Amino acid sequence: GMLNNMMGEMKSSTNCDSLIDGAKRFDMSSVRQLVAMYESDQNGSKDPSRAFFWARYGAEYKDAECSYKAGNAYFNGFGVNKNLKNAWKFFEQSYRIGGYTNAWEAMDAIKSMVLPIPTTENYIQALRNAPEYNSKTEELISNLIKAQQGDTYASMLAGNYYLDGDG
C-alpha cells in the first residue's frame, strides 16, 4: 500500500513536470491537461488558482478551450476574483476562435445580468401606447415593474426580452 502510494505520487508529479515542460514550449495539449488536472480532484491535485493560471496562459496563446475555462474562472470566481468584464473577454475569444456554443450561452447570461433596463413610468406608459402592443408587451411590463421593486429574476426575464429582439 504505502510503497504503491509513493510510486503513484511520484508518477503523477513526474507527469506534472513533463506537462509543465510541454506548456513552457507552448504545447497547448499540455496546457489543457494541466488545467484539467488542477480542476479535478484526482490524487488531491485540485488547485483552482493553478487551474486559472494555466487556463489564462493558454488563453494568451489563443487556445479556445483555455479561453473558455479562463472566462469560466472569472465568471464564477474560481481561483481568481470574479470579474464579468474579463469573463466576457475570454468567452468572446473562445467563441471567436473555437465556436464554443457554451461560451456564447455564458455571454448571454452575462448580458442578462448587466444589461441596464429602463424602468421609468413614462417608458411603461409608452409601451402600453405602442401600436405593436400585445400580450408579450404586457408580460414585459409586469416584469419591468417587478424589476423596479428589486426582483432580479424579473429583471433577467425583461433583459432576455430585449436580447431576443422581442422588444
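Partly exposed describes a residue whose relative accessible area lies between the buried limit of 20% and the exposed limit of 50%. The views below come from a predicted model.

**View 1. The ring pair of Phe53 and Trp54.** A search of the whole structure finds eight aromatic pairs. In one of them, the ring centres of Phe53 and Trp54 lie 4.9 Å apart. Their planes stand at 85 degrees, so this pair is edge-to-face. Phe53 has a relative accessible area of 48%, which makes Phe53 partly exposed. Trp54 is buried, at 9%.

**View 2. An aromatic cluster.** Ring pairs join Phe53, Trp54, Tyr57 and Tyr61 into a cluster.

**View 3. Helix H3.** H3 covers residues 48–60, 13 residues in total. From first C-alpha to last, H3 reaches 18 Å, close to the 18 Å expected at 1.5 Å a residue. Its buried residues are Ala51, Phe52, Trp54, Ala55, Tyr57, Gly58 and Ala59. Just after H3, Lys62 adopts a positive phi of about 65 degrees.

**View 4. The largest nonpolar core.** This core holds 28 residues. Ala23, Val31, Leu34, Tyr38, Trp54, Ala87 and Phe91 touch the most other members. Helices H1 (2–24), H2 (28–39), H3, H4 (64–76), H5 (84–98) and H6 (101–114) each give two or more residues to the core.

**View 5. Around Ala23.** Leaving aside residues up to four places away in sequence, Ala23 touches Ser30, Val31, Leu34, Trp54 and Tyr57.

Note on methods. Residues are numbered from 1 along each chain as its sequence is written. This is a predicted model: local features need pLDDT of at least 70, side-chain atom pairs count only at pLDDT 80 or more; totals for chains, interfaces and linings use all residues. Side-chain values use heavy atoms; hydrogens and water are left out. Rings of Phe, Tyr and Trp (its six-membered ring) pair if their centres lie within 6.5 Å; planes under 30 degrees apart count as stacked, over 60 as edge-to-face and the rest as tilted. Buried means under 20% relative accessible area, exposed over 50%, partly exposed in between (1.4 Å probe, protein chains only). Helices (H or I, at least four residues) and strands (E, at least two) are DSSP runs, numbered from the N terminus. The expected span of a helix is 1.5 Å times one less than its number of residues. A nonpolar core is a set of buried Ala, Val, Leu, Ile, Met, Phe, Trp, Tyr and Cys residues joined through side-chain atoms within 4.5 Å. Contact means heavy atoms within 4.5 Å.
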